[in-house]
Amino acid sequence: MYNTVAQIKLMSGGMSYAIQLSDGKFILVDGGTSFDMDGARLYKYLSDRSGGEKPIIAAWLFTHGHIDHIALASKFMTEYKDCIRIERILYNIPTGEDFNGYDAGSDDGIYENEWFEAVKLYPDAFVHEVHTGEVYNISGATVDVVTSAFDRYPDPPTNRNDTSAVYKITFENGVSFMLLGDAFGDRLSRLIDESSPIYRTEEQLKSDIMQVAHHGLAVVSSESQYEAVYELYRRIAPSVCFWPTFATRFYNDTWCQSEKYIYNRFLLDSVKERNFHSSQTVEINTDDMTVSLVEL
């Protein structure tokens, strides 16, 4: 059985990816904002590909704790507790004032608390807060934690998006998927800075599939970062891009389309017809890199 990588259609914003491994198990990444709008679609995708058996989630990865990345997952884990099996939960949701933590009573704090409560429903799962440099072999696929919230040199993250983890998943055949989450230029630029502890070589960054950072919206916090993010994307050099943003925003938002955001223009121009927004479910066969649209 070959590996597939799917971007799951969302009606409510966020990002949701389902990767089926060669043994039939899945790696999931994040989830959208609303379970009520999108939870059934995710379950249908998993169920349809599980041969009548209970879907097994070998690992559910989380990039950070914003509502559009964890809210659907929290309710999904609760509502489908008896219908799925989760073996690992790997997360990057820092808490406390040291990480610009939210007040527990704030909207974001409430969603994070709900997520931690949902995870408790899976006492047999391996639950772990990821750190940079960790590598997991999951059913033949390698999950590399490229960066996480604990990378604090030379300065700690300044906002919740910039705590976002970056993961790289590599399959047995060498095809790879780079997941940038909502990481900002402060973090992304360090991946190509040879003086940085999280520096990665061009060979280490190269990936066949890439999730565009921060939904294709603003990534940089300073003028100097435009070229750095562009250079990072150039080194990743994907042949397929997933844009976790709605079709209307993908085609019309100036952050996606403006020449000012040269890193986005690079992807739109170089990857051409293989840029996919999250208003559609798209599945990639990693054996031959063919792309299919899936109706759910």
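**Strands, pairing and burial**

Me: What makes strand 2 (residues 14-20) mostly covered?
Reply: Seven of its seven residues are buried, where buried means under 20% relative accessible area with a 1.4 Å probe and protein chains only. A strand here is a DSSP run of E of at least two residues, numbered from the N terminus. This is a predicted model, in which local features need pLDDT of at least 70, side-chain atom pairs count only at pLDDT 80 or more, and totals for chains, interfaces and linings use all residues. Residues are numbered from 1 along each chain as its sequence is written, and side-chain values use heavy atoms, with hydrogens and water left out.

Me: Which residues of strand 2 point one way and which the other?
Reply: Gly 14, Ser 16, Ala 18 and Gln 20 point one way, Met 15, Tyr 17 and Ile 19 the other, and all are buried. In a regular strand, side chains alternate between the two faces of the sheet.

Me: Why are strand 1 (residues 4-7) and strand 2 called paired?
Reply: Two strands pair if DSSP finds at least two bridges between them. Strand 1 and strand 2 have four bridges, in the antiparallel sense, so they count as paired. Ala 18 in strand 2 is the bridge partner of Ala 6.

Me: How many bridges join strand 2 to strand 3 (residues 26-32)?
Reply: Seven bridges join these antiparallel strands, and Gly 14 stands opposite Gly 32 in strand 3.

Me: Why is one side of strand 8 (135-138) and of strand 14 (275-277) left without a neighbour in the sheet?
Reply: The open sheet of seven strands has the order 8-9-10-11-12-13-14. Strand 8 and strand 14 stand at its edges, each with a single partner strand, so one side of each has no neighbour in the sheet.

Notes:
Buried means under 20% relative accessible area, exposed over 50%, partly exposed in between (1.4 Å probe, protein chains only).
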